[in-house]
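Have the model in view as you read.

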Amino acid sequence: MRLEAVGLSRGLEYTDAELAQRSLDRSRLPRHIAIIMDGNGRWAQQKGLPRIEGHRRGVKSVRCVVEECSRLGLEQLTLYCFSNENWKRPRRELILLMALLKQYVIEERREIMRQGLKFRVIGKVEELDPIIQKEIRKTEEVSAGNNGMTLCLAVNYGARQEITEAVRRIAVLAAEGKIDPAEITEETVESSLMTAGMSDPDLVIRTASELRVSNFLLWQISYAELWVTDRHWPDFREPDLHTACRDFAARDRRFGGLSETK
Ligand code: IPE
Ligand code: IPE
Ligand code: MG
């Protein structure tokens, strides 16, 4: 198959009537959802399976959720796949996780093009296996001209490391006299982050119950709505996503101000 930059996602999107059947209203949907996909290991342990089986099954959830977010007409979906701190895991699990990532990036290219997705990766990609780096870059390149949803994977990502790196870059510019420290604004910081040019998440979903953000997008989620479910990631499916979206629609986002109805 020739991989051309196309934008088929518009044809896949739900109509307003189809959204209404799911009790969803387009004007109240989040534009950008970020997901902390957690609980793969616990899902497997509960079933007496090795942890990696949970990761494997988690890929199926990724496929379902990516396609559903595309149908919902989201601007962006960001998935937390591997944190800077996840290197603390046993070597065997790391090898299998990296093999799964490589397989996903290669196998999913066709589907990314079919859905017209723009594929992006944030995180220290340069520290990954060169073959994975190459496959990531290839998928980013072939999908760059698509006009559907942005699918952003956070791989070897850590928000503190991202912010530290941004500070370092700005400091270099200041030291070289290219930027006046007095003129450093929020926009300066934002444009130095790995997410430069992306919108902030409106909704952060975390599966498997933990009430923490685990070094994910600390700057970008300042005003995101948080939604936590006890469902483990391998069991997370479209109806769970719809529930999260309906709960989001009912939230009163005040951004420090007062509610519009007050
Ligand atoms: C999330 O599942 C996937 C990654 C962090 C790579 P976990 O592997 O953290 O699963 P639990 O939290 O141990 O159940
Ligand atoms: C967060 O999950 C990272 C990813 C989902 C990739 P973890 O399982 O690593 O988080 P903690 O250790 O429970 O905080
Ligand atoms: Mg976990």
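A few ground rules come before the tour. This is a predicted model, so to speak of local features a pLDDT of at least 70 is needed, side-chain atom pairs count only at pLDDT 80 or more, and totals for chains, interfaces and linings use all residues. Residues are numbered from 1 along each chain as its sequence is written, chains are lettered from A and ligands numbered from 1 in the order in which they are written, and side-chain values use heavy atoms, with hydrogens and water left out.

Let's start with empty space. Rolling a probe the size of a water molecule over the atoms shows where such space is left. Here the search runs on a 1 Å grid over the protein atoms alone: a cavity is a set of points where a 1.4 Å probe fits but cannot get out, while a pocket is an open set with protein on both sides within 12 Å along at least five of seven lines, and lining residues have an atom within 4 Å of a point. Grid points are joined across faces, edges and corners, and a volume is the space filled by probe spheres set on the points.

The largest pocket has a volume of about 770 Å³. It is lined by 33 residues, and Met37, Tyr80, Cys81, Phe82 and Asn86 are the closest to its centre. At least two lining residues each come from α3 (40–46), α4 (51–71), β2, α5 (91–107) and β4 (150–157); these helices (H or I, at least four residues) and strands (E, at least two) are DSSP runs, numbered from the N terminus. Sorted by class, the lining has 16 nonpolar, nine polar and eight charged residues. In this sorting, Ala, Val, Leu, Ile, Met, Phe, Trp, Tyr, Cys and Pro count as nonpolar, Asp, Glu, Lys and Arg as charged, and the others, Gly among them, as polar.

Look at ligand 1 now. Around it are Met37, Asp38, Gly39, Asn40, Gly41, Arg42, Arg51, His55, Cys81, Asn86 and Arg89, where a residue counts if one of its heavy atoms lies within 4 Å of the molecule. Several polar contacts (pairs of N or O atoms within 3.5 Å; within protein, one must be able to donate a hydrogen and the other to accept it, and residues adjacent in sequence count only if both atoms are side-chain atoms) can be picked out. A polar side-chain atom of Arg89 is 2.6 Å from an oxygen atom of ligand 1, a backbone N or O atom of Gly41 is 3.0 Å from one, and a polar backbone atom of Asn40 is 3.2 Å from one. Alone, ligand 1 exposes 380 Å², and the protein buries 87% of that; accessible areas come from the Shrake-Rupley method with a 1.4 Å probe, and for residues only the protein chains shown count as cover. Helix α3 gives the largest share of this shell, three residues.

Which residues surround ligand 2? They are Ile36, Met37, Asp38, Tyr80, Cys81, Phe82, Asn86, Arg89, Arg206, Arg212 and Ser214. Polar side-chain atoms reach oxygen atoms of ligand 2 from Asp38 at 3.2 Å, from Asn86 at 2.9 Å and from Arg212 at 2.8 Å. The protein covers 78% of the 390 Å² of accessible area that ligand 2 has on its own. Strand β2 (residues 76–83) provides the largest share of the shell, three residues.

The second largest pocket holds about 300 Å³ of space. Of its 15 lining residues, Arg28, Arg251, Asp252, Arg253 and Glu260 lie nearest its centre.

Finally, there are two cavities of 30 Å³ or more. The largest cavity has a volume of about 50 Å³, and its lining is made of Arg63, Val66, Tyr104, Glu108, Glu111, Ile112, Gln115 and Leu117.
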